[in-house]
Amino acid sequence: MFMILLIVASISTLYFVIPAVSDAAEEPKTFLTHTGLAIQTTGDIIDPIGYTGEILEFDPESYLRDFDYGTVSELEDGTILREFTITARDDQVMEVSPGVFYNVWTFNGTVPGPTIRATEGDLVRVHFSNEGSKSHTMHFHGIHKAEMDGVFENVGPGGKFIYEFYAEPVGLHLYHCHVHPVEEHIAHGLYGAYIVDPKEGRVQADELVFILNGLDTDFDGENNFYGANTVPFYYQHHPVEISTNELIRAYVVNILEFDPVNNFHLHGTLFHHYPAGTDTVPAGFNDMLTMSQGEREILEFEYKYPGLYMFHAHNTEFSEKGWVGSFLVKDSEKNYSDET
Amino acid sequence: MTEFSNYKIAVSAIGPLILLAIVIAFLMGPATNFLEFGIVLPDIHIEQIDFVDGEIQVIVRNTGPIDVNITVADVNDRIQPAAIEPDNHLTKFETALVRIPYDWNEGQPYSIGLTTDDGTRFEKFVDAASLRLEVNTELIGFLGLIGFLIGIVPIMIGLLWFSFIQKLGSSKYRFFLAFTVGLLLFLAFDAIEEASEISQSHLSDIFNGQLLIMTVTILSFLILFSIGNSLIKKSQFSKISKPLAISLMIAVGIGFHNFGEGLAVGAAIALGQVALSTFLIIGFAIHNTTEGFAIAAPMARTKAMVLRLICLGLIAGSPAIFGTWIGGFSYSPFTTVIFLSIGAGAIFQVVVSIIQYIREESENTISSASIISGIGLGLVVMYLTSIFV
């Protein structure tokens with residue numbers, strides 16, 4: 001009897017010590033390291049940097065140039081009315097990096113929320129409804145009445161609120177949820193860009209939105225991933241295509257939580273930058289931009305030479321955890337001659 | 001009639017087991033959904049980190065209650081492209097090898113992190129990176145020499161006290177036997193302490209390290225106790241004298257201990273955790289010389305037979321050589337903990353045997369001053385020499 005027990009005990013111990021082994025893949029796969037070495041494996045590749053799989057639920061490619069101008073109508077006095085419908089939710093689980101699933105809190109289903117765009121003097125009306133399980137609000141940066149500030153008027157689960165204000169001043173602003181604890185509501189993804197264009201318009205340009213953000217997926221008060229438009233390394237494996245000698249206007253918003261400072265570094269050219277986009281005179285001509293939490297800048301630049309150029313946080317911790325991308329600059333003249 | 005009662009006994013023994021099996025089947029089958037409540041968190045444990053040429057290799061085990069996918073590997077909290085073999089999906093208790101191509105620097109500390117599909121990052125620190133040892137004759141020689149220096153040499157030197165002990169009067173002899181008891185007691189606790197240190201820093205929680213050590217130590221004690229008893233009983237009818245039987249048991253016990261110690265030392269060299277200095281070797285030598293003394297003491301009332309002494313010395317000391325080899329080339333914290341615990345149990349058994357022997361030698365009293373002071377002094381000497389290790 002003792003022997004039987006001993007055998008059973010040892011076999012069950014072996015079960016713990018020698019684990020089950022899955023079937024290995026037959027064909028070896030190859031991936032590249034940072035330094036360009038090709039590594040072969042019979043197993044799986046875990047590489048968010050050189051990711052080649054399917055596009056995740058959220059597509060930073062289309063977000064980049066997607067502006068929401070709202071439903072436009074004209075009031076009796078000639079004012080343009082722009083109406084937006086924004087729904088907040090907090091129950092979505094999204095694949096934020098290949099294989100990593102995180103509970104995002106969203107405006108209209110994405111992180112970041114839609115880029116709301118109006119012209120100076122327009123009446124902006126936001127039909128906000130909260131389909132989440134917690135209170136949420138929309139707090140817009142800019143000039144508006146106190147009761148439209150989205151701070152003291154918490155919108156409870158199932159609640160609705162109409163935010164209404166004139167679009168002012170001209171510039172690049174942002175909106176985010178302002179319910180306590182604000183850090184938690186922002187870190188989960190409740191934010192977006194809000195652009196007010198000057199009445200006379202800006203010079204024609206290829207316009208891009210970069211929301212610099214981070215993801216604290218294990219809730220230890222430190223970001224596990226950094227990115228421009230949420231998905232880490234996205235523009236690294238899907239470079240942003242632009243052309244030489246074409247004005248690029250980048251709307252850069254820093255909504256990073258937990259880290260007090262973020263920055264933006266551009267390779268191969270320099271940019272003029274306009275803090276909050278409120279002035280017509282650039283604050284500087286640089287390839288480095290340091291921004292604190294909630295700060296945003298409009299960047300204007302052109303590329304002289306075609307090729308692949310990186311843009312990333314010069315804080316390399318952030319860039320090596322996802323806040324890195326590339327511009328694929330195509331030769332505009334060459335394209336022109338090809339077409340004709 | 002007896003067959004019938006045997007049958008009854010069998011049923012009464014197996015019956016509860018069958019009922020238990022039914023309950024388990026119910027819980028795992030129909031009742032699964034009923035019992036699913038609360039938050040289930042994934043858990044993985046990085047068991048081993050090896051530094052090879054241009055690559056960091058990590059062995060990870062799923063120690064949580066649910067299956068997990070490994071999604072990100074990082075070095076010093078910076079994300080790196082990596083491969084995971086056989087695949088990135090780990091069922092309960094399954095292990096996988098994560099290969100991170102990385103141009104690491106010798107002697108530098110590293111933190112290695114793995115992130116699961118829910119975004120939780122698990123990490124393990126390495127104090128100093130060093131190239132994983134590859135089997136070659138030079139290294140076999142080197143590790144063997146280390147094992148020889150910490151195992152065989154000091155024990156052989158310790159055995160030389162044999163003739164000194166032989167010349168002692170019975171009271172002084174009892175003192176030195178008791179001194180041996182002190183040495184061995186210390187050694188047993190030393191082994192348990194080392195085993196729990198290893199289990200804490202290298203074994204994942206699911207192994208219940210402390211309970212594993214307790215279980216193995218007691219099992220080892222019980223098994224060796226019954227073997228030892230029969231050996232001593234036999235010694236009454238054969239040529240093997242009782243003191244020799246006790247010495248043999250001591251040698252075997254110390255042998256187990258030295259095997260575990262060898263594993264730990266070999267692993268320390270392999271993992272680069274210890275700069276194996278001359279000082280450390282000297283420490284081991286001083287410490288282990290006392291083991292030779294412990295083997296020699298019970299034999300001192302018999303005729304000196306050099307060959308016998310050498311054999312006992314080899315039984316006790318040579319496992320250290322095998323230990324350093326195995327520990328150096330394929331370190332397993334689990335095996336090390338097991339052997340250190342077996343060693344502890346073996347030594348406790350030896351302690352009991354010697355105490356019985358002393359009682360017989362001293363007409364069934366063990367309270368004489370020489371014995372108590374002997375045990376005390378043994379402990380103190382071991383403690384002082386342990387400071388060198």
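Q: Two strands pair if DSSP finds at least two bridges between them; in which order do the strands of the open five-stranded sheet of chain A stand?
A: This is a predicted model, in which local features need pLDDT of at least 70 and side-chain atom pairs count only at pLDDT 80 or more, while totals for chains, interfaces and linings use all residues. Residues are numbered from 1 along each chain as its sequence is written, chains are lettered from A and ligands numbered from 1 in the order in which they are written, and side-chain values use heavy atoms, with hydrogens and water left out. Strands (E, at least two residues) and helices (H or I, at least four) are DSSP runs numbered from the N terminus. With mixed pairing, the five strands follow the order E16-E24-E23-E18-E21.

Q: Which strands are the edges of this sheet?
A: An edge strand here pairs on one side only.

Q: Which residue of E24(A) is the bridge partner of A:Leu308?
A: Strand E23 (residues 307-312) and strand E24 (residues 324-330) of chain A run antiparallel and are joined by six bridges. Across from A:Leu308, the partner in E24(A) is A:Leu328.

Q: And in the open sheet of six strands in chain A, which residue of E20(A) is the bridge partner of A:Phe271?
A: That sheet has the order E15-E14-E17-E22-E19-E20, again with mixed pairing. Its edge strands are E15 (225-228) and E20 (284-286). Strand E19 (residues 271-275) pairs with E20(A) in the antiparallel sense over three bridges. In E20(A), A:Phe271 has as its bridge partner A:Asn286.

Q: Let's turn to the interface: how much area do chain B and chain A bury between them?
A: Counting contact as heavy atoms within 4.5 Å, 32 residues of chain B touch 37 residues of chain A. Buried area is the accessible area (1.4 Å probe) that two parts lose on being put together, summed over both. Carbon and sulfur atoms carry 61% of the total, which is about 3,000 Å².

Q: Which residue of chain A forms a salt bridge with B:Asp77?
A: A salt bridge is a side-chain nitrogen of Lys or Arg within 4 Å of a carboxyl oxygen of Asp or Glu. The rule finds one across the interface of chain B and chain A. The closest N and O atoms are 2.8 Å apart, and the partner of B:Asp77 is A:Lys321.

Q: Which strands of chain B each supply at least two residues of the side that touches chain A?
A: Each of the strands in question belongs to chain B. They are E3 (68-75), E4 (78-80), E5 (82-85) and E7 (95-101).

Q: Which residue of E5(B) is the bridge partner of A:Ile45?
A: Strand E3 (residues 44-46) of chain A and E5(B) run antiparallel, with three bridges joining them. In E5(B), the partner of A:Ile45 is B:Ala83.

Q: Why does the salt bridge of B:Arg61 and B:Glu47 tie together separate parts of the sequence, and how many residues apart are they?
A: Their closest N and O atoms are 2.7 Å apart. B:Arg61 lies in strand E2 (residues 55-62) and B:Glu47 in strand E1 (residues 44-52) of chain B, so the pair ties together parts whose separation in sequence is 14 residues.

Q: Where does A:Pro112, joined to A:Val111 by a cis peptide bond, lie?
A: The omega of that bond is about -5°. A:Pro112 lies in the loop of chain A between strands E7 (100-107) and E8 (115-119).

Note on methods:
Pairing = 2+ DSSP bridges.
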